[in-house]
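User: Could you take a close look at one part of this structure for me, and then lead me on from there to its other side-chain contacts?

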Amino acid sequence: MRRLRLLSILATGLLAATLAVPTTPANAAVDPDARISATTGVGTHNAYEKATYTYLAQSLDARPGLIELDVWPDILTRQWRVSHSNPLGNDNNCVAAASAAQLYTGTRNRNLEHCLDNIRLWLGAHPDAGPLLLKIELKTGFSARTGQGPAQLDAVLATRLGDRLFTPAHLRGGHASLDAAARANAWPTRRQLAGKVIVYLIPGTVEHSNPTDTLRTDVEYARHLVALDAAGNLGAAKAFPAVHRARAGDPRTQYAETHLRPWFVLFDGDATAYVTAGIDTAWYSTNHYLLVMTDAHKVPPAIGNTDPDAARARLAELAARHATIASADWAPIPQVIAETLPRA
């Protein structure tokens with residue numbers, strides 16, 4: 001009798017443990033022919049910082065779905081600086097490299113152009129990698145008066161990344177707008193996007209806190225897209241504007257210029273807000289929009305950046321909540337960064 005009771009207890013415990021496992025395990029194989037809009041990957045927050053990786057190429061070696069660069073238009077030298085907090089100088093792990101072999105040596109603290117070179121060279125040496133989302137936070141926004149506006153950034157992206165870019169014109173194709181293309185799920189498959197970069201732009205922290213800045217990055221670049229499209233030159237645009245910060249409903253309604261709204265198909269906001277604020281995130285996957293959830297490790301209960309099992313569980317949780325990317329400070333657990341799940 002005691003033996004039967006013990007077997008019953010063990011069976012009950014096994015069943016409970018089985019039910020506790022996420023329905024989509026974090027190591028689930030993702031079909032390479034799945035569209036990027038149907039998968040969830042991992043992003044590395046501030047991958048350019050030397051305290052995170054010695055060289056930017058090492059962040060790419062981990063095979064993330066997204067990396068982030070903080071960019072400042074230096075209004076004195078008219079250069080594009082990459083730094084977390086220095087508007088007049090570089091503080092990053094990018095190097096001047098002419099080949100993939102040079103990506104892990106040399107002097108760091110280089111301009112944006114060199115960071116983009118590093119990405120292009122690394123992808124050239126790893127043609128099966130990607131797709132890679134490149135998130136650019138323009139810390140103070142554009143500076144058109146010093147020749148550092150949307151067109152100039154497009155030129156830098158075109159020169160340094162070239163045919164590695166997947167652009168708004170590629171997505172739009174024959175559709176009426178980016179929104180129409182996304183709703184039709186015109187995104188390519190992961191296989192088709194191998195070796196490709198999708199650049200998107202968000203307003204920076206300094207820009208957000210500047211009361212005199214009345215033209216934010218998202219609006220300025222969306223206007224740029226509209227103007228290029230009207231001129232029949234949408235192909236010149238090399239980046240996507242993103243709606244920044246989590247909001248309920250369709251967050252594009254914040255834009256008073258209603259004609260700009262169909263040009264936003266990428267969204268970037270705090271994971272905790274998406275999870276705890278009652279936001280219907282199914283709306284994003286239903287319409288095949290790309291949704292980046294930031295600070296994934298801080299969603300209650302916070303899990304930090306040392307436990308790979310907890311990180312995998314968090315990735316599965318956010319995939320179930322329709323994230324395209326769960327971005328976090330998970331560089332210390334590289335075994336998680338390359339993982340990709342089906343998006344709910």
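**Starting at Ile75**

Analyst: Happy to! Ile75 has a relative accessibility of 41% and so counts as partly exposed, a class between buried (under 20% relative accessible area) and exposed (over 50%), with a 1.4 Å probe and protein chains only. Before we go on: this is a predicted model, where local features need pLDDT of at least 70 and side-chain atom pairs count only at pLDDT 80 or more, while totals for chains, interfaces and linings use all residues. Residues are numbered from 1 along each chain as its sequence is written, and side-chain values use heavy atoms, with hydrogens and water left out.

Ile75 sits in the loop that joins strand E2 (66-74) to strand E3 (79-82); helices (H or I, at least four residues) and strands (E, at least two) are DSSP runs, numbered from the N terminus. Together with Leu76 and Leu88, Ile75 makes a nonpolar surface patch of about 310 Å². Such a patch takes residues with over 30% relative accessible area and no salt bridge, joining nonpolar side chains (Val, Leu, Ile, Met, Phe, Trp, Tyr) within 5 Å and like charges within 9 Å. A salt bridge is a side-chain nitrogen of Lys or Arg within 4 Å of a carboxyl oxygen of Asp or Glu, and areas follow the Shrake-Rupley method with a 1.4 Å probe, where for residues only the protein chains shown count as cover.

Now to Gly89, found in the loop between E3 and helix H3 (112-125). Gly89 is buried at 12% relative accessible area, and its C-alpha is 8.2 Å from that of Asn109, 20 residues apart along the chain.

On to the rings: the whole structure holds 11 aromatic pairs. Rings of Phe, Tyr and Trp (its six-membered ring) pair if their centres lie within 6.5 Å; planes under 30 degrees apart are stacked, over 60 edge-to-face and the rest tilted. Phe267 and Tyr284 form an edge-to-face pair, because their centres are 5.0 Å apart and their planes stand at 70°. This pair links distant parts of the chain, 17 residues apart: Phe267 in strand E7 (residues 266-270) and Tyr284 in helix H10 (residues 282-286). Phe267 is buried at 1% relative accessible area, and Tyr284 is buried at 1%. Trp283 and Tyr289 also have ring centres 5.0 Å apart, but with planes at 55°, so that pair is tilted. Tyr289 is buried, at 0%. Ring pairs join Phe267, Tyr274, Trp283, Tyr284 and Tyr289 into one cluster.
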